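Hi everyone, thanks for having me.

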Amino acid sequence: MSSKITKKTLNDLEFHTVINSISHYCISNLGKQEVLKITPISARLTLLEELNLVNEYVASFENENKVPNHHFEEITAQLHLLSINDSFLEAGAFQDIVSIATTSNFLIVFFKKFKEYYPTLYKVASEIELTYIISETTKNIINDFGEVDNNASSQLKSIRKEMNSVRGKIGSSFSAALSRYSSAGYLDDIRESVIENQRVLAVQAMHRRKVKGSILGNSKTGSIAYIAPESTLRLNRELQNLIAEEQEEIVRILKQLTNDIRPYLTLLHDYQYFLTRLDFVAAKAKYAQSIGALLPTITNTKRIYLRDAYHPILLSSNRTQNIETIPQTIELNQQQQIIVISGPNAGGKSITLKTIGLLQIMIQSAILIPVHERSEVYFFDTILTDIGDNQSIENQLSTYSYRLKNMRTFLRKCNANTLFLIDEFGTGSDPELGGALAEIFLEEFYEKQAFGIITTHYANLKVLANELEHVTNANMQFDERTLEPLFKLYIGQAGSSFTFEVAQKNGIPFSLINRAKKKVEGEKIRLDKTISKLQKERNKLQKTSESLEKAQSKAKEHSESLSDKQEKIKEKLESFQELYDSNQKMISTGRKVNEFLNKYFQTNNKKQFLADFMKWVTIEKSKYSKKVAPKTKAAKKRAKVVEKKRQEKLEVVKKEVLIEVQKVRQRKQAVTKKIEQEKSNYVYKINDRVRIIDSDSVGTIEKLERKKVVINYGLFTTKTTLDKLELVESAK
């Protein structure tokens with residue numbers, strides 16, 4: 001059953017990356033195809049069953065009764081032939097059919113034996129008929145080598161016995177001729193050869209008329225004639241007749257065997273589906289094991305509690321680079337319905353938001369998640385996301401226009417069973433106007449009792465979060481000494497943007513920072529400085545608290561004093577929040593100045609910096625100056641001229657943006673071309689990890705012969721040419 005969760009949400013949260021990772025653990029193409037189709041499941045009972053299947057398989061990794069190997073060869077083509085009347089299967093096809101039936105029956109018996117360990121897997125297996133009639137039907141007809149056995153029929157046994165007798169006579173007759181003509185000195189040094197599956201005499205050309213038989217060929221130089229002795233020709237014709245009779249009998253036997261197996265077509269479909277599903281479940285279980293995932297408590301109460309939650313993609317990436325991944329703990333419930341996360345850029349706000357969203361999508365797609373075992377999850381009908389800069393040049397949609405369209409969708413779909421995730425809420429427009437509209441949206445989501453997490457820099461949203469009863473502020477912690485993010489979420493307090501501190505750390509000259517500070521009123525600077533100082537105090541207290549926990553004898557005494565200090569800090573912050581709101585205009589001014597500074601730091605273009613800055617000052621001045629509506633015709637005409645010029649300037653800016661976008665695209669294309677050129681010039685060597693182009697399977701180069709290469713995939717090897725290879729990892 002399809003879910004209401006949209007493809008856009010899945011793309012925003014990079015769900016496809018998780019799916020691709022899981023698919024690499026499949027042992028069959030059918031299993032891989034099923035994995036790549038994974039989407040969230042809306043039917044609760046179906047979802048619970050799928051989660052239990054994966055959870056039981058994960059548990060099998062740690063107990064003595066591990067699920068047996070369930071490898072199988074796909075028999076889709078064989079099943080298609082069976083569905084066609086008067087068709088018949090080749091001998092090797094029956095070997096695959098017997099293998100899939102035997103494996104399925106073995107697993108059915110296994111899950112029945114250990115149904116207390118694997119109740120859900122047993123339930124799935126018990127729906128399939130247990131019968132050995134397929135293997136019994138074929139065991140005396142098809143041997144272990146995938147060939148029709150001699151005892152398949154008395155006629156076939158008689159034919160093959162006679163064939164062996166004739167082959168013996170041919171061997172004796174040829175040996176006699178070889179001895180006779182060799183003694184006569186008619187043969188070349190090599191004496192004999194094989195042409196068209198026949199032994200022939202290698203006769204010197206000068207003696208070819210002295211040897212009775214048929215000439216079947218000559219050497220390249222013409223010095224040797226290859227002659228089949230006359231005495232063996234008759235016997236060879238007799239052998240060919242017997243081979244034809246053998247083939248007719250084999251076809252008759254295979255047709256009969258196909259007709260005997262055809263009634264079990266539906267059962268064979270069930271066997272293949274069962275093994276495919278087991279491969280599908282096993283792949284999810286192996287992926288869960290690789291990231292330390294488990295099945296948290298599933299609650300009927302509307303509550304999310306993710307303790308020590310990891311973003312699975314970030315976790316896998318950091319492991320390859322030997323980087324520590326910081327887990328997050330977050331909770332949403334009726335008393336903490338919405339969380340507003342603020343703080344400096346590059347502090348981890350977005351990754352925290354994406355962690356919650358991706359884990360929720362995974363658990364609703366029956367994929368276990370990397371969290372603490374005491375975590376709790378709830379199933380939502382709808383998950384809505386607005387993440388990243390979605391500006392569309394092609395559709396002439398600005399970032400803000402695109403986000404407003406998303407908000408319209410949010411307002412239409414949002415209800416009490418919705419989880420929404422919004423990154424940089426309200427951005428893309430004038431800070432005051434966009435912030436005001438964002439407030440209204442947030443109030444609407446709140447009234448509809450939806451759960452959600454948003455990240456923002458807007459002060460008015462932080463204030464609103466402090467005013468609404470079930471909305472909570474949060475921030476990503478920052479090291480006040482090094483100004484490095486700690487990637488730890490702190491619930492209960494809004495965060496400072498550390499605007500000037502971050503600018504100083506990134507090498508912006510003090511003179512420019514001081515000039516920027518002068519642009520902002522003193523009250524705003526003192527307020528932001530006070531908030532930053534309070535956050536630093538809180539961070540110090542938190543570090544002290546962590547060290548005191550290790551000293552058990554002094555923990556209680558110091559924790560009480562720290563709690564009092566934190567409470568006082570919290571009271572101070574609440575009193576400053578009102579002042580912070582009244583100075584919202586100064587905050588936006590400081591943010592805009594910081595934007596110009598960052599641009600200057602990147603381009604080092606002083607002239608452009610001053611021009612942009614003065615242009616902005618002019619716009620701001622005209623925005624806040626008192627406007628008087630023109631009354632006379634002349635005044636109205638002048639106003640139209642001014643407005644026209646303003647529109648012309650906007651068009652020029654738009655064109656400049658489009659030119660810059662084109663330049664960025666060209667640079668990306670050049671980089672891509674360079675990478676492809678380096679790959680094409682690469683000299684492959686033994687033990688390089690490679691994949692065949694348009695294939696996902698990765699193997700290791702085992703052997704190189706000129707332009708030919710042998711690739712080892714573990715279970716099998718394959719041959720191909722170097723021009724069809726794509727490098728995955730060079731041999732160390």
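This is a predicted model: local features need pLDDT of at least 70, side-chain atom pairs count only at pLDDT 80 or more; totals for chains, interfaces and linings use all residues.

Residues are numbered from 1 along each chain as its sequence is written, and side-chain values use heavy atoms, with hydrogens and water left out.

A nonpolar core here is a set of buried Ala, Val, Leu, Ile, Met, Phe, Trp, Tyr and Cys residues joined through side-chain atoms within 4.5 Å, and buried means under 20% relative accessible area with a 1.4 Å probe, protein chains only. The largest one has 99 residues, and F15, F111, L268, L306, M362 and I367 touch the most other members. Helix 11, residues 265-291, gives this core its largest share, 15 residues (helices are DSSP runs of H or I, at least four residues, numbered from the N terminus). There's also a second, separate core of 22 residues, including M407 and F425.

Now the rings. We get eleven aromatic pairs; Phe, Tyr and Trp rings (six-membered for Trp) pair if their centres lie within 6.5 Å, and planes under 30 degrees apart are stacked, over 60 edge-to-face, the rest tilted. So what is the pair of Y57 and F61? Edge-to-face, because the planes are at 70 degrees, with centres 5.7 Å apart. Y57 is buried, at 5% relative accessible area. Y117 and Y118 sit at 45 degrees with centres 6.3 Å apart, so that pair is tilted.

Note on methods. Buried means under 20% relative accessible area, exposed over 50%, partly exposed in between (1.4 Å probe, protein chains only). Helices (H or I, at least four residues) and strands (E, at least two) are DSSP runs, numbered from the N terminus.
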